Amino acid sequence: MQRGSLNSGEQQSSAEFFAHDGIFSLDSAQWFRVVNSLTNLQVCNNYLVGATSKNTLIRTPTVPPYNISEIEISRLSDDRVHNIFLDPMGWHTVISMQSGTNFYINKGMKKVRPLNKTKDHLFDSIAWNHHNVNELSTQEILIGTNDGLIFETMLMFNEDSFFSSGTIEQYWIQMINLGHSVTGVEVIRFPTGSPNVLVGEPQRCVVFTTTPCRMYQFAGWINANSSTTGSILSHLAANTATSGISNAINAYTGGHRSSLVNEYNQQQSVGIQNTTIFPIITGLFSSVFNSDEKLPVGSKVTEFPGSFGYSDLKLYRSVKDELPSKFAWMTGPGVYFGYIRTEQLSMPPFTKLSTNDQPIDVKSFPSEAVSTLPTTTDNTDDPNQLKDIFSGRGVNLTRNTKLIPYPIIHMLERPGVPLGICLTEFHLIIVYVDRIKAVNTLDGRAVYSMPLNNIIGCERALGISRDSLSNRIWIFSNNHLARLNMKNELCRIWQIYLDRLQFDEARQFCQDPSQMDTINIREAEYNFDNGNYGLAAKLFARSSIPFEQIALRFFRLSSSSSPSTTHTIDFPSTIIPSTLIQQGYEINDDHDIMEALISQSQYQTNEKLTGIIDSSIKQCKSLITSIHSYNNSSIISSTLTPLKIFLSSKLNYLIEQKNQLLNHTNKSSLVNISGQIILLAIWLIELLLTELNIINDRLKMITKQDHNDMDEIGNDGDRTVGINNDNNDDHDHVKLTLQNRLASVRREFRTILALPEVLNFLPEAKSLIYDLLENHGENDELVYFMELMKDYPRLVDHYIRQCMYSDALKILATYPNCLDRLYDHASCLSSKRPEEFVNVCLRLNNKLDSNRLLPSIMLLPNNQAIRYLEDTIEKYTNDISNQAIHHMLISLYANEYHLNHNDDRLMKYLEKVSIQAIHMKRLKQQHQQQNIVDDGDLFNDYQLLNMDLNELSLFEHDHDIMNDCPIGNGMNKLKCLTDQSKEQNIQSLLPYDPGYVLRLCKEVDHLKGVLYILQLLDMHQEALQLAIELNDIPCAKEIAQSEFLNSIVRRQLWIQLAHHIISTDGGMQEAINLLRDCPLLKLEDILPYFHQFVTIDQFKDVICTSLDSYNERIDNVKNEIQSTMKTIDELRTQSNNLRYRYEIIENDSRCTHCNHLLTLRAFYVFPCGHNFHISCLTELVKPYLSAEENSKLSKALESQNLGNNSSISNFEDIFDEIIANDCVLCGHIAIENLSKLYYENQIDYENELSIWQ
């Protein structure tokens, strides 16, 4: 315990100083008016109860609306109220009279009820249950009497209940006798349901009690889950109907133990079990005051001499806390104040007693105080032995105790006796009969002193009461009530903690940024003076001290830490250029630099600002380089640590400030902070790179030394080399430390670059940072920065320079925006990593320009080049304009064939890519043979109608052809294709140059390729001649019977082949076989090529077959003539019958189009059953007429208007031919327009659809 001391001069100056803060002020409660004089008053939860001299109880809220009610307590004129007590929630009130009669009333009761079991006891204190939530019951409470007794009881009364006539005290048990008036009693325990209390287990509990000169601490265990309360209430409820049992219980629960209860306890002691009527009642807190073998208890007594005959005990508990944290005990010498160690209540049972946790010794008390410490356990036991921390001297819940003397301002005040005290969070309120004072509990200084005469009407103050829930303090006299207001109680708390160098506590009570800044500066200076430079750097970064001053201090610190003394550095003149201090580092005013770094959408940068930015960055770089130029590899990087920490912390602090300013409109401040962030980030990057260089150099030296040692060991041969194992261990430890440090610095470097605020300006300072990274030679960090900036083209260049071709290809495959780098480095990559290069090209094939890659493809091995070209051609089959790719692939195929004739991929390729030209030739051939189209009519050849649709689909991709075809059915498309194929050049459909392929095939002796190209170019004569020259008869036969040739050309080729065969070997059998192979070849075609000595006998069978064929053909012609004559006769008969044909029209027949009567106007009747007016028919047919037909019809109409009979007859013939040739609904017009849409556009369709919906 510390004894506070207060000099009178300090008191006066302190009071005057704090008076200006206006923490406390007194107001009179004008709304409070009483008829009779007050004697006692309590306020809790904005609810006031008071006793008057007429033995009445006053109750009223202390907040509007005020409703003062008065209830009679006692009618005895010679009796007076001794004390009143109000629970913290304002629900329950206990009144103690001087006659020993006590009363109870709760908030819902209309009159007081006597407490019969408490007769002849004067109540001086009550320990309420602060965790009670029941308005009808107080739960377990402790009551201290004027005789020194402490009782446990529970008060419960419900005025509306049927059992309300019973006793209010549910039980009444004496706990202990202290011998003197119990002026204060408080219970400290966790509430039921708290996370610090195990369910179903006993919990720790401490009871603070005070007498006029002593304070007791009783500690023990309670079990709220199986307390006496529950058993008593359940037992009483089960036996309320039996008056005899009730009387027995009343006798038992009286103020003394009755003989009946004593007899019952004796029966229990000898083994008689009878718990039906009388349960064993011990009380919830009995185990706290009485020791038990299983649950030991302990106590502590603190005594002060010279009491007033009374004392006052107050605890302070914050609303958000479960337990009180401070206590104050008003004694004769002063106020005994301290803190409560509530953490002991949450400790597990039977905790080891720490040797460091010794109770307060009696020697620590002042000479005036005497502390007696009765214990229940021996304190000399082994400290490692398991014992309960609540037992013996371990029971001490107070800490940092001190005695605060009563403040007296000499020459202004007279000593007086205090009436009572109140405890707030940081102040102690003391009330006298004529004055109220406030003392700060941290430093013991008086902060407020105010007379009460003007406030309470020149009356003497009677007492003080504090509302713990609303934190309001009330002072009362006989007829007046005053309130002590507290405003900004924390205004000077931070300064007190700061003077004590308790910086963390001081920060908790800062109320504005200036206070926080003062604390940071004070703590930073303190740590800097004590050598804790890292923490000092962090704190200086968050202070308002100019940046350059702190930087200079750390520069000098780094310089003084350097082991080299050969250099003397003049920081003001040498390291920091004057222009930088004047221009670059006056960052609070240099707005031009900052504005240039804001987004271009808000601020326009010009050449002047850009120059300022570049010059500032260069100055910053020059500054950092000049600083670190004095560092060599022998200097440990830790000399840079304080400066680096300072810069890093300052950077984080500026980022926080910038984020706070984003919601404000102060653009100049935002620009200023952005510029500071840029400069700090670049400086910090340079420091980190320098540190990385130092660490890397050290690691290289260690590695080189290891290699030298290994070489020496190898050169010594058989000679043994002594190695010091301790030195090796130290060597490995240093190496491991450096590696860990290197990884840490790299993480720090990358963390700074990844900050969003730093990323915003990196694109503008990118070139500078690239220079720094390249100059320092940090390849890993350079790669990371390129990836962070997404500067993948530059990253590819870096990988190529470092010969990291695989990594470069991975970047090219992942990020297509660097395709230009692929073209630039294609020759290098194709020669170094051919397979990976081809894989990347195949992955990006749809985005690459293959022509630009052809020179690099030529450097690839044949198999890789063929793989790429095949994939490219397969994906772009429709693109036949790029012949270079096809020619390269053909050349590679030809080379492979030249090396291995079994590898004939060239022929497969030619057949595959030439299929479009082949089908076009087939289409042309069919058109020539079948005569497909005639003046827009439908196809009249059945074979063409059955053409394979797959052939037609081959041309669907050709937009030049299909876009010119009108929309219609498949037959119209085929007609269009056939018309355009008449002028289509076959070579334009080939993706290669046939001449080039022909020449290449001849060079490698690829006969099939040569013949295939010749046929494709319609050079069948040349192809056949070549096959004949090479004596390849089967190939010549294939050429002669090609499907692309008409019968005339085919016959000529067969004749040429027959001529060659007959003239070569003259074999008759071969000639006969030719006649069988080609039906177009006749005997008379090959006879001229035989020599004149050939006999006819050799052709006997052939001649007979030929004659039979002629005879069969003659018979077929005769049959066709007969069939034709028969058809002509039938047509003639039908024509004659049509002259006399007629249709019967009903009287109500109507026009199919307009649905009007048909006979109203001239009309047409068709055999299909449709009938039309002439006007309706003309209206339906006219949209389908061609321009020529419309012109012809108009001329006929004009000639009809002349009125000549011949013109009328001519008009009827033309009208019948054009308009009435066929039914418009089911004739050829309807058939031809099957593919025509009903609606011209989407709008018409939607309009019609809306009608039907």
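Guide: Helix 20 (residues 779–789) packs against helix 21 (residues 792–801) at an angle of about 155°, their axes 8 Å apart. Axes here are lines fitted to C-alpha atoms, for helices over the stretch in contact, and angles run from 0 to 180 degrees between N-to-C directions; helices are DSSP runs (H or I, at least four residues), numbered from the N terminus. Helix 20 and helix 21 are therefore roughly antiparallel (over 145 degrees). Their crossing is left-handed, meaning that the near helix is turned anticlockwise from the far one by less than a right angle. From helix 20, Asn 779, Leu 782, Val 783, Met 786 and Glu 787 meet Tyr 792, Arg 794, Leu 795, His 798 and Tyr 799 of helix 21, contact being heavy atoms within 4.5 Å.

Please keep in mind that this is a predicted model, in which local features need pLDDT of at least 70 and side-chain atom pairs count only at pLDDT 80 or more, while totals for chains, interfaces and linings use all residues. Residues are numbered from 1 along each chain as its sequence is written, and side-chain values use heavy atoms, leaving out hydrogens and water.

Leaving aside residues up to four places away in sequence, Leu 654 touches Ile 673, Gln 676, Ile 677 and Leu 680.

Technical notes
Helix = DSSP H or I, 4+ residues; strand = E, 2+ residues; numbered from the N terminus. Parallel < 35°, antiparallel > 145°, perpendicular 65-115°, else oblique.
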